[in-house]
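Look at the sequence and the model side by side.

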Amino acid sequence: MTDTTAADLPALAALYRDAVLAAGPIAYTPAQVAAWAAFADEPAFEAFILGPETLVAEDATGPTGFAGWRPDGHVASLYVRPYRTRQGLGLRLLVAVIERARAAGGARLHSEASVFSRPVFERAGFLLLGTEVVERRGATFTRYLVALELTPPRSP
């Protein structure tokens with residue numbers, strides 16, 4: 001996994017859009033999917049990727065997934081290409097975030113998970129704390145508030 005640079009933005013925007021457009025219709029309305037996918041084209045997308053420490057998984061085709069986290073413990077993103085879902089890549093990305101946060105001395109991670117990412121967070125040990133409803137481009141979304149208390153790795 002590599003850290004993100006500005007040169008990665010077009011590829012990560014395409015990955016984000018593809019992930020939302022492929023999975024979104026399974027659980028969201030067309031208006032919700034359109035609002036969610038449109039974020040890839042907004043100026044704020046750059047800060048979404050470059051503001052946190054964003055890790056990128058790649059293969060011969062290019063980026064296959066990314067996850068971003070901030071020093072305050074907020075996991076800002078977790079997205080995987082549609083053809084790479086259900087192969088453990090999202091969990092590997094999240095585990096890499098957990099390891100980096102622990103190494104940085106973090107005490108807790110938290111996020112707002114979608115219906116799709118919630119199971120990945122839970123497999124990584126995050127607990128569901130509640131839900132919230134947010135509005136994006138006129139569409140409302142229920143997000144799942146998840147958190148993980150970090151403990152130092154055990155010494156052998």
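Helices (H or I, at least four residues) and strands (E, at least two) are DSSP runs, numbered from the N terminus. Two strands pair if DSSP finds at least two bridges between them. The model is predicted: local features need pLDDT of at least 70, side-chain atom pairs count only at pLDDT 80 or more, and totals for chains, interfaces and linings use all residues. Residues are numbered from 1 along each chain as its sequence is written, and side-chain values use heavy atoms, with hydrogens and water left out.

Begin with strand 7. Strand 6 (residues 127-136) pairs with strand 7 in the antiparallel sense, over 9 bridges. Within strand 7, Leu145 is the residue that stands opposite Gly130. Strand 6 and strand 7 form a hairpin with 2 residues between them, and Arg137 in the turn has a positive phi of about 50°. Strand 7 (residues 139-149) also pairs with strand 5 (residues 108-113), again in the antiparallel sense, over 6 bridges. Here His110 has Ala147 in strand 7 as its bridge partner.

Next come the charged side chains. A salt bridge is a side-chain nitrogen of Lys or Arg within 4 Å of a carboxyl oxygen of Asp or Glu. By this rule there are 8 salt bridges. One of them joins Glu42 and Arg137, at 2.5 Å from N to O. Glu42 lies in the loop between helix 2 (30-38) and helix 3 (44-50), and Arg137 in the loop between strand 6 and strand 7, so this pair ties together parts that are 95 residues apart in sequence.

Are these two residues buried or exposed? Buried means under 20% relative accessible area, exposed over 50%, and partly exposed in between (1.4 Å probe, protein chains only). Glu42 counts as partly exposed because its relative accessibility is 24%, whereas Arg137, at 57%, counts as exposed.

Another salt bridge joins Arg100 and Glu53, with 2.2 Å from N to O. This pair links distant parts of the chain, 47 residues apart: Arg100 is in helix 4 (residues 89-103) and Glu53 in strand 2.

Strand 2 (residues 53-59) also holds Thr54. Thr54 has 2% relative accessibility, so Thr54 counts as buried.
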